[in-house]
2 protein chains.
Amino acid sequence: MARLVQKYGGTSVGSLERMRAVAERALRAQREGHEVIVVVSAMSGETNRLLALARQATPTPSERELDVLAATGEQVSAALVAMLIQELGGDAESLLGHQLAIHTDAAFTKARIRSIDSGRLEGGLRAGKITVVAGFQGVDDAGNITTLGRGGSDTTAVALAAATGADVCEIYTDVTGVFTTDPNVCASARKIERISYEEMLELASLGAKVLQIRSVELAMKYAVPVHVRSSFSEEEGTMVVSEEGLEAVVVSGVAYDKAEAKVQLIEVPDRPGLVAEIFGRLAARNVSVDMIIQSSSRDGHTATDVTFTIPKNDLTGSRPLIEAWAREQGVRSVEYDEDIAKVSIVGLGMRCHAGVAAKMFGILASEGINIQAISTSEIKVSCIIAAKYTELAVRALHDGFGLHLPPEPAAPPKASA
Amino acid sequence: MARLVQKYGGTSVGSLERMRAVAERALRAQREGHEVIVVVSAMSGETNRLLALARQATPTPSERELDVLAATGEQVSAALVAMLIQELGGDAESLLGHQLAIHTDAAFTKARIRSIDSGRLEGGLRAGKITVVAGFQGVDDAGNITTLGRGGSDTTAVALAAATGADVCEIYTDVTGVFTTDPNVCASARKIERISYEEMLELASLGAKVLQIRSVELAMKYAVPVHVRSSFSEEEGTMVVSEEGLEAVVVSGVAYDKAEAKVQLIEVPDRPGLVAEIFGRLAARNVSVDMIIQSSSRDGHTATDVTFTIPKNDLTGSRPLIEAWAREQGVRSVEYDEDIAKVSIVGLGMRCHAGVAAKMFGILASEGINIQAISTSEIKVSCIIAAKYTELAVRALHDGFGLHLPPEPAAPPKASA
């Protein structure tokens, strides 16, 4: 007997028919002898419908009231799925964020979970009940409804799995698992059987949408095994686990992201602290700067060029601020480029394999793709390229690193020069 | 400065545009110097949409989960109205049943309020805040969401007015007040300026839909003045108040109800307790029997005829039970009639005016309308007639009792023979 948390996303509960399939799957797991906790998202489209209502009401809705509004989406799903489990002969009960209770901080629309009272859940499990938890929501110290941000139901599920010591947290979605890259872009993309939290975290940060970053962090922190799989099939999905026992493949996946824009500051006076100031101003407006490249000042020059990327969504709002600062400081000019993409390779094996970045640059060069900026971490390399080359670059990197081939049988990782 | 509870029904919050008018009205009252608490229903159609989802999920949804589902309707309205008040420059906060908290018993779908914590409301009022309360919902001792039954937002509003000592509870609806009868049936129907709780209670019980019975009972119990008025105009509506200070008019209003069916038990053996038994069986199935007429046994007969009415909705479900009992007990036959209506006259003044019932029978007779059954209370007389005569009867009674005329200037009530 295992204890399972099953989380079903928006498309998995997108209609009553789909919800009935969810109820059947949960009951089947229970009848196989498992203890089952279900976490549901809002029906697909519902959260957007509610937020559109809010935007029609006012361009600047209060975040507290946005959360009261948005939380109804998961509440509706939870009640209906509980009814359907009962209809199929099971014992079920819905629980909302404040009923459980999932205690969070008071950061409306992006709250973080502080603690979970698992008493009521444990009681339900002992009584043979399937508890259907409304995902995405919690309650702050003052009893206000909070929500955990987009994709927050993943976080609810992983947090519940951690709080109840579940054996696995199953994340049901509309794809069959985590792929080596986006199958819509690269036909040879393969489903990954097992991947480490660290790699999953990088992939999620770099544009892969299958899991919310926060939920992966939480899974890693509490060592919750996560099984990403499809609610539309019985196929095994991808296990996200700790790296012990995993073979450290050099490159596990290729990710891409077209949501960033490039800002170039041309001839910034070479004074200490000057560049830090503009990043400070952007941070104060909650604009997150991703890649930063500062060309070293050339001999005889007292100015450098600085390039960085920010989300496209923030570009319009940030331009007046950047330009005012540039004028103040005597920057020669500011240039913007929205036609860029970030392509990245991720793999635990990079830690002990040199030459991975060089191989990546070589692959891109052989396709005639110019690299505009580079950033690296221990287990990833990202390059900014012209947006039009995105798909070409993804396919070239994917197959260039052998991701189209079935994984080799496990062998001890070896260090190479 | 007065303290007001303003309750807005489904049509009053039926669209964002209508909600904006609600926000404006609440703010205007506050700017006139009043303390304002707003109670909202679900947007019109929303509760039916949610209940239809439940019925599609299962023919027998659990009442606990129905309440979780249905409560989202008011939650959405409360969040949006709070946003709109803020958008107009006011300070507002939504509160749900469990946040307030409105404590109820655990009778899902028809819970009764036990107590209200008005602390958070009082704090909001002191801070100049308009609290927007989600109507219709509460929380039981175990933290489960409960709802108060159809029209329950009226009850929420009156209960809040009682708990906070409000000067008046304004019920905003799509009509301008309580009328002497249904204006759709009788063109000479007039809006009543002031009516007693007792009369309002009878009218609500007898088919007038403007206020929910439970809310009138509560208003009477706590002497909360209720102002029924339209959210679509500035016109003064109808004040529902205690009878002291009211002129006791003989007939205040005429009501009708086509929702009942007549059941006739022909030749029931005349044994003590026999008839009580069938009513007990119906009560055990939550079928409420309204009018009961037992013809006295005639000389030399050992059987009587018994006629009663039950809601049409319950007829199909009750027939097997009634017929089985009739067979057991040797009742000769059972007859049903769904083509009936109940017309009623209500008025405090009946207490001290004899001959009111006789006048009613005379008016109906002069129109050629046969009376099939009669029931009376201290302040009302109801007659069962053939359904096809309903409108004719309503108009004849309305004008026959002078309700088409403007009320006479106040004069001391006099007893007459």
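**Entry 1: strand β6 of chain B**

I began with strand β2 (residues 35-40) of chain B, which is joined to β6(B) by 4 bridges. The two strands run parallel. I looked for a facing pair and found B:V39 opposite B:V133 in β6(B). This is a predicted model, so I read every value here as computed from a prediction.

Next I checked for another partner of β6(B). Strand β3 (residues 92-95) of chain B pairs with β6(B) over 4 bridges, again in the parallel sense. Here B:A92 stands opposite B:I130.

Then I asked how many residues of strand β6 (residues 130-134) of chain B are buried. The count is 5 of the 5, so the strand is largely enclosed by the rest of the structure. In a regular strand, side chains alternate between the two faces of the sheet.

**Entry 2: the eight-stranded sheet of chain A**

I turned to chain A. There, 8 strands form an open sheet with mixed pairing. I noted the order as β3-β6-β2-β1-β9-β11-β12-β10.

Which strands stand at the edges? They are β3 (92-95) and β10 of chain A. Each has a single partner strand, so one side of each is left without a neighbour in the sheet. From one strand to the next, the twist averages 20°.

I followed β3(A) to its partner. It pairs with strand β6 (residues 130-134) of chain A over 4 bridges, in the parallel sense. A:S94 has A:V132 in β6(A) as its bridge partner.

**Entry 3: helix α7 of chain A**

A helix packs on this sheet: α7(A) touches β10 and β12 of chain A. Its direction makes about 80° with that of β10(A).

Is helix α7 (residues 197-205) of chain A mostly covered or mostly uncovered? I found it mostly covered, with 8 of its 9 residues buried. Among them are A:Y197, A:M200, A:L201 and A:L203. A:E198, A:E199 and A:E202 are buried too.

I listed what the buried residues of α7(A) pack against. The list includes α8 (213-222), β13 (253-257), β18 (340-346) and β20 (380-386) of chain A. After the helix comes A:G207, whose phi is positive, near 120°.

**Entry 4: the four-stranded sheet of chain A**

I found another open sheet in chain A, with 4 strands in the order β15-β16-β14-β17. Its pairing is antiparallel. The edge strands are β15 (292-294) and β17 (333-337), and each pairs on one side only. The twist here averages 15° from one strand to the next.

I then counted bridges between β14 (residues 260-269) and β16 (residues 303-311) of chain A, and got 8. One facing pair is A:V268 opposite A:T304 in β16(A). Helix α9 (residues 274-284) of chain A lies across β14, β15 and β16 of chain A. It runs at about 145° to β14(A).

**Entry 5: chain A as a whole**

I stepped back. Chain A has 12 helices and 20 strands. Its radius of gyration is 24 Å, close to the 22 Å that the globule rule gives for 417 residues, so chain A is as compact as a globular protein of that length. The C-alpha atoms fill a box of roughly 80 × 55 × 30 Å along the principal axes.

Buried residues make up 47% of the 417 residues. I also checked contacts between residues at least 6 apart in sequence: 75% join residues at least 24 apart.

Chain A is divided into domain 1 (3-174) and domain 2 (245-417). Their C-alpha centres lie 36 Å apart.

**Entry 6: where the chains meet**

How many residues does each chain bring to the contact? I read 26 from chain A and 26 from chain B. On the chain A side, α2 (46-57), α3 (63-87) and α4 (97-100) each supply at least two residues. α3(A) gives the most, with 14 residues. I sorted the residues of that side into 14 nonpolar, 10 polar and 2 charged.

**Entry 7: one residue of chain B**

Last, I looked up B:E323, in helix α10 (residues 315-329) of chain B. B:E323 has 13 C-beta neighbours inside 10 Å, so it counts as partly exposed. Its C-alpha atom is separated by 41 Å from that of B:T156, 167 residues apart along the chain.

Technical notes: Residues are numbered from 1 along each chain as its sequence is written. Chains are lettered from A and ligands numbered from 1 in the order in which they are written. This is a predicted model: local features need pLDDT of at least 70, side-chain atom pairs count only at pLDDT 80 or more; totals for chains, interfaces and linings use all residues. Two residues are in contact if their C-beta atoms, placed from the backbone, lie within 7 Å. Ala, Val, Leu, Ile, Met, Phe, Trp, Tyr, Cys and Pro count as nonpolar, Asp, Glu, Lys and Arg as charged, and the others, Gly among them, as polar. Two strands pair if DSSP finds at least two bridges between them. Axes are lines fitted to C-alpha atoms, for helices over the stretch in contact, and angles run from 0 to 180 degrees between N-to-C directions. A residue is buried if 20 or more other C-beta atoms lie within 10 Å of its own, exposed if 12 or fewer, and partly exposed in between; C-beta atoms are placed from the backbone. Domain bounds come from an automatic or database domain assignment. The radius of gyration is taken over C-alpha atoms; the globule rule is 2.2 Å times the number of residues to the power 0.38.
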